[in-house]
Amino acid sequence: MTVTSHRDTPNSEQRASVISKPGRSGKRAFMIFRAIMIAVVIIIFVVPLLWMLMSSFKSNVAIQDPTHPFSFTPILSNYHDVFQNDAYLKFVFNSFWIAICAVVLSLLIGTPAAYAMSRFNMQKSALVVLLARIIPGISLLVPWYYVFANLGWVGGYSVMILSHMFILIPVSLYIMMSFFDSLPIELEEAALVDGLTPIGAFARIMLPLSVPGLATAGILSFIFSWNNFMFALVLTGANTKTLPVAVFDFVSYASIDWGAIMAASIVMTIPIMIVALFAQRYIVSGLTAGATKG
Amino acid sequence: MATVVLDSKVDGETLGAQLWRWTNKHRKWVLASPALIFTIVMIGFPIGWTIYLSLTNAYGSVRSPFSFVGLHNYATALTDTDRFWPAVGRTFIFTGGALILELAAGMGVALLLWRPFKAQGAIRVIVLLPFVATPVAVAMMWRLILDPNIGFANEMLSWIGIGPQPWFASSFATLPTLIMVDVWEFTPMVAIVLLAGLSALPNDIDEAARIDGAGPWQRFRFVTLPLLRPVLLVAVMLRAIDALKTFDLLYTVKGPGGGSFHEAETLNIYAYTLSFQYNNFGLASAVLIIFFVIILIVLGLLAVSRRTKS
């Protein structure tokens, strides 16, 4: 309290400049230090990814020789090898199709639930859904496999979409709840006064306002679905393989085709990188949803 | 149907109007139930099934007959110092190591990027990349970079006169190397959460402390850090849940069983191996139940520490 009153005195500016003493040279040194540290962080985060990109354009002979990392003739044969396998385009499609279906369906189910749980403060119900985020997935896989195999669904898209929805519903619920929490309740009350029914107020007023939240939840969900490996490893068949599982086609006991693996890794990472580039703001707000409210 | 009729207070309403009125009146559960029912169906049956299987000697094909053995599987797991307890140890070493390093590094990166600077937007996108990249691709990439013979890491170390390291090739170095890769992958996520927390801090408290003569370290230690505590705990919770269950990285680098000496076998990998390599569903289920209880205990402790000190 006393501190704040200092600030309000007219000469607080002067005080500040007297007390915070780091001189011009000290400040400059700090700025340079900071710039160098930022550069170091960038290098640590980017160089490995660049190495993956570079290796995808190297012959396996060039990959085996790390002593001359930058002198090589870029070749496309790794990508050719990957796509020469006709099924690979199918795997790309599978990844997209499963992710898009799972994202749309989980938003369709998760958004109304998020609205209700935020509006009526249903903390226990929210906790039940978030349990899906906590439970080890493997404990679900054996029973799921058993049931879905009996239904004849294993190896089809429906199992993959259902299992991904299971991961994505808690994600979109968490994000959308914190989004609905931030919308003023007065808006809804005004809509009710104007004669809308409560569900009408949700559908016509709150839902259009929550488009940024839907974009956040949708984009983050897409990334989680695209990147998912464990459920796909067990539940996909030869026709429904997704990209993270398909990379293992290039690994065998005898040899590892590093060129093809790096090309396949680039193929599966590029779409996500593009999403990150254009939707960075949404990814950040999705990651930090609820975190800053404490 | 009975409820619909009971609820209607207006005579002569059409059935559609009655239904609409009922839906509006009970919107809380109408809107929430699809997500709840989906989750309960997808979780409820498997949990019951897993608990049941954990009390049996189910083995081999999912359809072959099995019988009830009581708590035998739990006893087997809890007295198994060969696979089970080392896996518990590795789970905690991996999670603890990764969590501590990610918090420290994440805090460093967040503080570095906090105050505005040139090209801030571009640099924040770059920081995001390791986290959004597909974990399997990231693991493959590090397998190549850290390969003892053809990897770039040892080549770089040789430039500064450090001898080649075994990385994943030695059972002793595997776990620390895996922690290192996990730190590379998830520090960005921690940094971004903390950065949002830092940006939301009221500026005037920091300012006031500075006017009162507090140095940068004092201001960080006694002003910023306590204010950031709730956000820090959210980051710890989110990371703890995922780190305990790490699968993609460990499986891609070492495969089922966690390598020839099980050097990368955490509880999650052990449960996977028991289920899908050995088809020992009974024991796998017992391990999974114990694992789930461990996760709940860790989260419970975190939640309690969050409540008591704030």
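Helix α9 (residues 171-199) of chain B has 29 residues and spans 42 Å from first to last C-alpha. That is close to the 42 Å expected at 1.5 Å a residue, taken as 1.5 Å times one less than the number of residues. This is a predicted model: local features need pLDDT of at least 70, side-chain atom pairs pLDDT 80 or more, while totals for chains, interfaces and linings use all residues. Residues are numbered from 1 along each chain as written, with chains lettered from A and ligands numbered from 1 in written order.

**Helix α9**
- A kink of about 40° sits at F186(B), shortly before the proline P188(B); the bend is the angle between axes fitted to the seven residues ending there and the seven starting there.
- Of the 29 residues of α9(B), 21 are buried, so the rest of the structure largely encloses this helix.
- Buried means 20 or more other C-beta atoms within 10 Å of the residue's own, with C-beta atoms placed from the backbone.

**Overall fold of chain B**
- Chain B holds 14 helices and zero strands; helices are DSSP runs of H or I with at least four residues, strands runs of E with at least two, numbered from the N terminus.
- The C-alpha trace spans about 85 × 65 × 35 Å along its principal axes.
- Buried residues make up 39% of the 310 residues.

**Interface with chain A**
- 76 residues of chain B are in contact with 84 residues of chain A, where contact means C-beta atoms, placed from the backbone, within 7 Å.
- Helix α3 (residues 27-54) of chain B gives the most to this side, with 16 residues.

Terms used: Two residues are in contact if their C-beta atoms, placed from the backbone, lie within 7 Å. A residue is buried if 20 or more other C-beta atoms lie within 10 Å of its own, exposed if 12 or fewer, and partly exposed in between; C-beta atoms are placed from the backbone.
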